[in-house]
Amino acid sequence: MGSSIRMIATLTVLPDSKDNIRTALHKMVSATQAEAGCLQYDCYDIAAEGLPGVTSTGGDFVVIEHWRDEAALQSHNESDHFQAFVSAFKAEELRLSVQVLKQA
């Protein structure tokens, strides 16, 4: 069995699409958290104003993910709810970047 996978997904969206994407994202999060191989799947708004002395790296939403193994992540990527989310918006409305985390 492979080791668990931790990821951060950053979503950058067009301002006019932000509310619709937030609604769809929350719906997808609930379905994803119920997946057998999902250990963590939490979504946050990124505060545009940041903190004093801390520059925001950009983006509108971030999802913190932890998967039991590669098979669980693959199952999620193929799930109806994930596919419905990624296909619901045009490329110019939603840009997704993913960082896979490794223990330092």
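Which exposed residues does the face of H1 turned away from its buried side carry? They are Asp 19, Asn 20, Thr 23 and Lys 27. The model described here is predicted.

**Helix H1**

H1 covers residues 18-33, 16 residues in total. At 1.5 Å a residue, H1 should span 22 Å. Its end C-alpha atoms are 22 Å apart, so expectation and model agree.

The buried residues of H1 are Ile 21, Leu 25, Met 28, Val 29 and Thr 32. Viewed down the helix axis, these buried residues fall within an arc of 110 degrees, so they line one face of H1. That buried set packs against both strands and helices. The partners are listed below.

| Partner of the buried H1 residues | Residues |
|---|---|
| Strand S1 | 5-13 |
| Strand S2 | 38-45 |
| Strand S3 | 61-67 |
| Helix H2 | 70-78 |
| Helix H3 | 80-87 |
| Strand S4 | 94-101 |

Val 100 sits in strand S4. Its relative accessible area is 55%. The cut-off for exposed is over 50%, so Val 100 counts as exposed. Together with Leu 96 and Val 98, Val 100 makes a nonpolar surface patch of about 260 Å².

**The S3-H2 loop**

Asp 69 lies in the loop between S3 and H2. Is Asp 69 buried or exposed? At 12% relative accessibility, Asp 69 counts as buried, because buried means under 20%. Asp 69 also pairs up in space with a residue from elsewhere in the sequence, Ser 3. The two are 66 residues apart in sequence, yet their C-alpha atoms are 5.7 Å apart.

Terms used:
Residues are numbered from 1 along each chain as its sequence is written. This is a predicted model: local features need pLDDT of at least 70, side-chain atom pairs count only at pLDDT 80 or more; totals for chains, interfaces and linings use all residues. Side-chain values use heavy atoms; hydrogens and water are left out. Helices (H or I, at least four residues) and strands (E, at least two) are DSSP runs, numbered from the N terminus. The expected span of a helix is 1.5 Å times one less than its number of residues. Buried means under 20% relative accessible area, exposed over 50%, partly exposed in between (1.4 Å probe, protein chains only). The arc is that of the directions from the helix axis to the C-beta atoms. Contact means heavy atoms within 4.5 Å. Patches are made of residues with over 30% relative accessible area and no salt bridge: like charges are joined within 9 Å, nonpolar side chains (Val, Leu, Ile, Met, Phe, Trp, Tyr) within 5 Å. Accessible areas come from the Shrake-Rupley method with a 1.4 Å probe; for residues, only the protein chains shown count as cover. A salt bridge is a side-chain nitrogen of Lys or Arg within 4 Å of a carboxyl oxygen of Asp or Glu.
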